[in-house]
Amino acid sequence: MIETEQRLRSALEGTHENEPRPLAKLDLPLGAERLLPKDFLDNLRRAAVLAPVICRKSGHSVILTRRAEHLTSHKGQISFPGGGRDAEDFDAAANALREADEEIGLPPDRVEVIGYLDDYPTISNYRVTPVIGIIEGPFDPRPDPSEVAEVFEVPLSLVLDPKAYKRKSLSRDGLIIPYHELNWKNYRVWGATAGMLWDLCCRVNQIER
């Protein structure tokens, strides 16, 4: 367990949220830019998510949520706690920690921020900064039912296993859009969340993205 956490910390060492922020490589097909409005990246709203890694006796795991079914966007999908940046958020870490507190009852002072992943643009017009944090000791989530249907954990060992990810695609407006998928028990993680986890997996395993 200690070795796994050391690998995680080492992979994220030196990452920060200073501008200009690096952008995740989305591996979009040729011609996909026609699906995006002009100045798409420049007009994205800032957001942040927290990828909480909790230390359990059985090993480290990553906390994820299943979004409530009544939400207007991404209902029922698997995600990290997070959301758009508010005026009172000093930075991306403050943004992510506030959202985690609101969504799953995780107090900010329980989280040690250890690094950041590349910003991830989403089709819902956000530029998301993934913040990685470590939680020591017990934590019992208190999900906000207005946003979160369920809180669950995925073993960090699975998240860091490149063979656990499946490469899939979907068709949109005549283009084949590739994406990553990670499955754990009856949970299907895909889209931006799986893309961020894949980014983390690549960093730890020193795989070129």
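What share of the 209 residues in the chain do buried residues make up? Buried residues account for 46%, where buried means under 20% relative accessible area, exposed over 50% and partly exposed in between, with a 1.4 Å probe and protein chains only.

The model is predicted: local features need pLDDT of at least 70, side-chain atom pairs count only at pLDDT 80 or more, and totals for chains, interfaces and linings use all residues. Residues are numbered from 1 along each chain as its sequence is written, and side-chain values use heavy atoms, with hydrogens and water left out.

View 1. Helices (H or I, at least four residues) and strands (E, at least two) are DSSP runs, numbered from the N terminus. The accessible surface comes to about 11200 Å². Carbon and sulfur atoms hold 51% of that surface. The areas come from the Shrake-Rupley method with a 1.4 Å probe; for residues, only the protein chains shown count as cover. Among contacts (heavy atoms within 4.5 Å) with a separation of 6 or more, 66% join residues 24 or more positions apart.

**View 2. The largest nonpolar core holds 35 residues.** Such a core is a set of buried Ala, Val, Leu, Ile, Met, Phe, Trp, Tyr and Cys residues joined through side-chain atoms within 4.5 Å. L8, F80, V159, L182 and L200 touch the most other members. Elements that each supply at least two residues include helix 1 (2–12), strand 1 (45–56), strand 8 (148–155) and helix 4 (191–205). Helix 4 gives the largest share, six residues. A second, separate core has 16 residues, among them I54, A93, I104 and I135.

**View 3. L8 is shown with its contacts.** Neighbours within four places in sequence are left aside. The partners of L8 are then V53, I114, I134, L156, L200 and V204.

**View 4. F152 and Y187 form a stacked aromatic pair.** The search of the whole structure finds three aromatic pairs. Rings of Phe, Tyr and Trp (its six-membered ring) pair if their centres lie within 6.5 Å; planes under 30 degrees apart count as stacked, over 60 as edge-to-face and the rest as tilted. Here the values are 3.7 Å centre to centre and 5° between the planes. F152 sits in strand 8 and Y187 in strand 11, 35 residues apart. F152 is buried at 6% relative accessible area. Y187 is buried at 13%.

**View 5. The second largest pocket has a volume of about 150 Å³.** A pocket is an open set of points on a 1 Å grid over the protein atoms alone, where a 1.4 Å probe fits, with protein on both sides within 12 Å along at least five of seven lines; lining residues have an atom within 4 Å of a point. Grid points are joined across faces, edges and corners, and the volume is the space filled by probe spheres set on the points. The lining has 13 residues. G59, H60, P155, L156 and S157 lie nearest the centre. Strand 2 supplies the largest share, three residues.

**View 6. K185 and Q206 have positive phi values.** Phi of K185, a residue other than glycine, is near 50°. K185 lies in the loop between strand 10 (175–184) and strand 11, and is exposed at 70%. Phi of Q206 is near 55°. Q206 follows helix 4 and is exposed at 74%.

**View 7. The peptide bond from E19 to P20 is cis.** Omega is near -5°. P20 lies in the loop between helix 1 and strand 1.
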